[in-house]
Amino acid sequence: MSSAGIDAGRLERLTAAHREGFGAAPTLAARAPGRINLIGEHTDYNDGFVLPAAIDRDLALVASPRDGRRLRLRSLNAEGLADLDLDALRPAGAWHDYAAGVAAQLLAAGHRLGGLDLTLDGTVPLGAGLSSSAALEVAVARALVAANGLDLPDRDLALLCQRAEREFVGANVGIMDQFISVFGRRDHALFLDCRSLATEAVPLPLADAGLALAVCDSGVKHAHAGGEYNRRREECAEAVALLRPRLPRIANLRDVTPAELEEARAAGAFAGHDLAYRRARHVVTEDARVERTVAALRAGDWGTVGAALYASHASLRDDYEVSVPEIDALVMIARETPGVLGSRLMGGGFGGSTITLLRRDALPGFAAAVAAEYPRRTAGAAEATVYPVEIVDGARVATIG
Ligand code: ADP
Ligand code: MG
């Protein structure tokens, strides 16, 4: 029997590990997915649009309440037992900070928590840009809410998980990862307005269309990614400052259309500031591409979706300058593979993954092309992994046993 969307075999393994680790039978199970982002990159912190979807890589857990004030966690994917005091939760620079942070935020919001033992099992690759961190936070949040009988609307739960990552873990993250892990819907993408937090489920019937999505992890992650990310944020702020004399109403690049940007440039707004102009051009055209992709999905026009992915990549590479040769090689290999509709860098950049839209029957050919060509084009410096992904529902929790 499956529970909370966790299949029977996995639930059995988790239950056995929980009994062995904690000497108790679990009473609840929770599952929260990782995600892809179809399009909308570096738009979130500019108050813009993103289009993520939840994937069949997730964090599954089982849990049992215990007397006292301890939160104990074991992950089948990490070393050691975390044995935490609910009344003295502090960041430890460890994997369990993501869970402790959620508990700390619930307590800070005035909720009462009792002791809980949790056993976790993740299938989202860690640090590959598929958001294993939000999957962990959201699954733990669901478990804590259910175990303690709390009343917490989904939207507040997602925001609370984001606060946990920002304030407890100390990662300057947007809201996309937590929102999609909570609100994901099978065979749908989520059109998310990062300013209003309004969401709209957009049909993404890949299988019906004979299509698939594949994530390709480049195996490279450059150490300077964090510094570059902060620089891009500053460059966007600079672009807004340069535009404001002409467009006083704007708070953010979200408020600028591609036509307005071009008019301002023609009027000299970016004289001597070509870099800020190009950064802004990426953001405003990317927002427009997200909207175009949503319209194309609603019309079943997959060719336009694929073209938008390629255009997004070119913009990230040339205007935003967050790609690297390894990622460009993966997109080029995709382009050369028959049956591929579109491909682009996914995530912050300077390594990480690509997302590729392709015919389902082209998957083996794409995987083979990556295996053969990527080592050759990167001089064997890195190894790439291809993950086909299915689009699934958001987080669930259920009582078991
Ligand atoms: P991403 O979210 O892109 O996968 P992050 O750096 O944001 O990358 O989060 C990855 C971190 O989340 C891991 O280093 C680990 O600390 C934690 N984590 C995620 N899933 C698990 C898991 N199943 N078990 C233990 N830790 C996990
Ligand atoms: Mg993360």
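A pocket, in this tour, is an open set of grid points with protein on both sides within 12 Å along at least five of seven lines. Keep that in mind as you click around, and remember that what you have open is a predicted model.

Start by selecting ligand 1. The space that ligand 1 takes up is the largest pocket. Now show the residues around the ligand: there are 18 of them, and the closest are S75, N77, G127, S132 and S133. Colour this shell by type and you'll get 9 nonpolar residues, 8 polar ones and 1 charged.

Next, pick out helix α3, residues 132-147. With 3 residues, helix α3 gives the most to the shell around ligand 1.

Time to zoom in on some polar contacts. Click N77: an N or O atom in its side chain is 2.9 Å from a nitrogen atom of ligand 1. Hop over to G127, where a backbone N or O atom lies 2.8 Å from an oxygen atom of the ligand. Then try S133, which has a polar side-chain atom 3.0 Å from a ligand oxygen.

Last stop: the aromatic rings. The structure holds 4 aromatic pairs. Select Y45 and Y229, an edge-to-face pair with 5.3 Å centre to centre and 70° between the planes. Y45 sits in the loop between β1 (28-37) and β2 (49-50), while Y229 belongs to helix α6 (residues 225-243), so this pair links distant parts of the chain, 184 residues apart.

Note on methods
Residues numbered from 1 in each chain as written. Chains lettered and ligands numbered in written order. Predicted model: local features only at pLDDT ≥ 70, side-chain atom pairs only at ≥ 80, totals over all residues. Heavy atoms only, no water. Near = heavy atom within 4 Å. Polar contact = N/O pair within 3.5 Å; in protein donor to acceptor, adjacent residues only side chain to side chain. 1 Å grid on protein atoms, 1.4 Å probe; cavity = no way out; pocket = protein on both sides within 12 Å on 5 of 7 lines; lining within 4 Å. Sits in = over half its atoms within 2 Å of the grid points. Helix = DSSP H or I, 4+ residues; strand = E, 2+ residues; numbered from the N terminus. Nonpolar A, V, L, I, M, F, W, Y, C, P; charged D, E, K, R; others polar. Phe/Tyr/Trp six-rings, centres within 6.5 Å; stacked < 30°, edge-to-face > 60°.
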